[in-house]
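Colleague: Could you take me through the structure we are about to open? I would like to ask questions as we go.

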Amino acid sequence: MTASHLWTLRQARAALGRGAIDAVEYLARLTERKTRLAGLCAFVGDAAARPPATPPAAGPLGGMPLAVKDNIDVAGVPTTACTPALRHHTPGRDSVVWERCAEAGAVLMGKTTLHELAYGVTGAHPGELTARNPVAPDRLAGGSSSGTAAAVAAGVVPAGLGTDTGGSIRIPAALCGVVGFRPSTGRYPHQGVVRISPTRDTVGVMARSVEDVQLLDTVLSGAPPLPDPPPSAPPVLALPRAAAWTELDPEVTRVMRAACDSLRDAGWSLRELPEPVYDTGELMEAATAVPLAETPAALTAYLSHHGSPLTGEAVIEEIASPDVRALLAPILTGHVVGPDRYHAARRAARRTAASALRALRLSEASAFMSPTTVTPAPPLGTGRWVECGDRRVPTFTTYIRNTAAAAVWGWPSLTLPAGYTSHGLPVGLLLDAPRHHDRQLLALGRRCARHLPPFPRPPEPEIT
């Protein structure tokens with residue numbers, strides 16, 4: 001029988017259903033694995049992970065241990081967002097997303113590490129909260145939902161929750177070799193989540209199969225499950241060459257070419273869009289200016305919801321990570337994104353979205369396809385700059401380059417494991433579909449995954 005840590009959610013539920021294992025034993029096995037792989041730093045402390053002695057067996061997630069990013073509230077468990085000002089913050093009520101998971105029978109395996117305040121793409125942290133990549137422990141897991149990605153990739157949990165503002169679900173999922181899904185903005189409830197940008201933030205999910213993402217999407221969205229659509233003609237995908245396929249790491253290029261060949265061999269139509277689909281400068285301004293403008297008020301609103309006297313500015317004053325402090329500390333001295341720049345960025349978001357939607361429709365494609373990240377997982381210790389092939393490039397804008405678009409437009413976005421570099425590092429394939437086409441995108445991703453390399457066995461990292 002396949003080892004239990006290799007199971008997907010659906011496989012684990014099936015094993016429980018046929019009596020091959022019970023929920024208590026399944027949880028015990030994964031808890032032991034979590035302890036053995038503690039050096040990955042996927043989880044925040046031990047106090048956040050005390051599952052019940054008798055996990056529930058009923059419900060679509062009955063008995064399933066999930067990892068939860070530590071900016072999502074679980075009643076009685078600290079929500080620190082990996083930032084000093086919140087180290088003693090323990091909410092008394094669940095976030096709505098966790099409430100829905102618990103009602104469906106899920107069990108908390110633990111809260112997971114993140115790039116401080118979800119404000120980074122690597123998962124690096126100055127303390128003991130830097131998640132390592134299970135595929136290559138000398139590499140970072142990506143951010144900001146680094147710990148959830150590491151936990152799923154390492155086989156500690158079959159799935160988990162994260163959040164995504166500009167790529168924070170999809171970047172670590174791609175770098176760790178798992179499936180990551182950002183839904184249309186507003187599809188999942190936001191109450192009880194430490195948000196940094198109400199315009200952009202959303203809870204999302206990571207798992208080891210698209211089928212599991214579909215299951216979690218049903219639970220989190222509250223929408224009734226639908227039957228699989230009947231077989232249809234091979235899909236059409238649009239490849240925005242000028243925007244998303246340039247200046248790639250050579251190994252990413254090689255893996256993505258192989259993925260394109262596999263899809264074409266299966267009859268899929270991949271339509272090249274050589275002309276710019278949208279203004280990339282406008283898009284990046286919209287991706288960065290809007291969150292910076294919204295963060296102080298968003299943090300204050302979250303704290304006020306819990307009756308905390310803290311403000312967003314008080315949280316920013318205690319930031320520990322140098323990169324996050326460099327971004328947010330100017331707010332404390334009045335160097336904020338003003339109303340003119342903010343509203344201009346919002347207009348740029350609408351313009352680029354309209355341009356992208358027009359290009360997609362003219363190409364008669366269901367979704368855009370691109371590499372999720374332009375370079376694989378960065379080494380431990382990576383700071384403001386990262387190597388991409390033979391070039392040294394800015395870390396933040398490099399990793400969000402292809403993921404930012406869907407976040408700016410509010411579109412659903414799905415990353416799938418596409419293959420591996422010659423050094424064994426995962427490469428992700430990104431699919432972006434128009435807003436509110438979440439179920440269509442997941443069905444498309446499920447078909448696409450059949451023509452990509454199978455999900456590998458979770459590695460057994462040697463952690464020093």
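Predicted model: local features only at pLDDT ≥ 70, side-chain atom pairs only at ≥ 80, totals over all residues.

Colleague: Let us begin with the rings. How many aromatic pairs are there in the whole structure?

Modeller: A search of the whole structure finds 4 aromatic pairs. One of them is formed by Tyr278 and Trp409, whose ring centres lie 5.1 Å apart with the planes at 80°. Planes over 60 degrees apart count as edge-to-face, so this pair is edge-to-face.

Colleague: Where do Tyr278 and Trp409 sit in the chain?

Modeller: Tyr278 is in the loop between β9 (269–272) and α9 (280–305), while Trp409 belongs to helix α14 (residues 404–409). The pair links distant parts of the chain, as the two residues are 131 residues apart.

Colleague: And are they buried or exposed?

Modeller: Tyr278 is buried, with a relative accessible area of 11%. Trp409 is buried too, at 7%.

Colleague: What about Phe368 and Trp411, how are their rings arranged?

Modeller: Their centres are 6.1 Å apart and their planes are at 5°, so the pair is stacked. Phe368 lies in strand β10 (residues 367–371), and Trp411 lies in the loop between α14 and β13 (413–420). These two residues are 43 residues apart, and the pair again links distant parts of the chain. Both Phe368 and Trp411 are buried.

Colleague: Which residues do the ring pairs link into a cluster?

Modeller: The cluster consists of Tyr278, Phe368, Trp409 and Trp411, linked by ring pairs.

Colleague: Which rings have a charged end sitting over them?

Modeller: The ring of Phe43 has the charged end of Lys34 over it, 4.5 Å from the ring centre. Likewise, the charged end of Arg241 sits over the ring of Trp245, at 4.3 Å from the centre.

Colleague: Let us change topic to the helices. How do α6 and α15 cross?

Modeller: Helix α6 (residues 210–221) and helix α15 (residues 438–449) have axes that come within 9 Å and cross at roughly 165°. Angles over 145 degrees count as roughly antiparallel, and α6 and α15 are therefore roughly antiparallel to each other. Their crossing is left-handed.

Colleague: Which residues make that contact?

Modeller: On the α6 side they are Val210, Glu211, Val213, Gln214, Asp217 and Thr218. On the α15 side they are Arg439, Leu442, Ala443, Gly445, Arg446 and Ala449.

Colleague: And how do α9 and α12 cross?

Modeller: The axes of α9 and helix α12 (residues 339–362) come within 8 Å and cross at roughly 135°. That makes α9 oblique to α12. The crossing of α9 and α12 is left-handed. Among the residues that meet there are Leu283, Ala286 and Val290 in α9, and Tyr342, Ala345 and Ala349 in α12.

Colleague: Why is α4 described as largely enclosed by the rest of the structure?

Modeller: The reason is that 8 of the 8 residues of α4 are buried. Among them are Ser146, Thr148 and Val152. The buried residues of α4 pack against β1, β2, β3, β5 (159–164), α5 (170–176) and β7 (202–207). Just after α4, Gly155 takes a positive phi of about 75°.

Colleague: Now for the backbone. Where is there a cis peptide bond?

Modeller: A cis peptide bond joins Gly143 and Ser144, with omega at about 10°. Ser144 is found in the loop between β4 (136–140) and α4 (146–153).

Colleague: Which residues other than glycine have a positive phi?

Modeller: Ala81 is one of them, with phi near 55°. Ala81 lies in the loop between β1 (65–69) and α3 (96–103), and at 0% relative accessibility Ala81 counts as buried. Ala118 also has a positive phi, of about 65°. Ala118 is placed in the loop between β2 (107–112) and β3 (132–133), and at 8% relative accessibility Ala118 counts as buried.

Key: Residues numbered from 1 in each chain as written. Heavy atoms only, no water. Phe/Tyr/Trp six-rings, centres within 6.5 Å; stacked < 30°, edge-to-face > 60°. Helix = DSSP H or I, 4+ residues; strand = E, 2+ residues; numbered from the N terminus. Buried < 20%, exposed > 50% of the residue type's maximum accessible area, 1.4 Å probe, protein only. Lys NZ or Arg CZ within 6 Å of the ring centre and 35° of its normal. Axes fitted to C-alpha atoms, helices over the stretch in contact; angles between N-to-C directions. Parallel < 35°, antiparallel > 145°, perpendicular 65-115°, else oblique. Left-handed = near helix turned anticlockwise from the far one by under 90°. Contact = heavy atoms within 4.5 Å.
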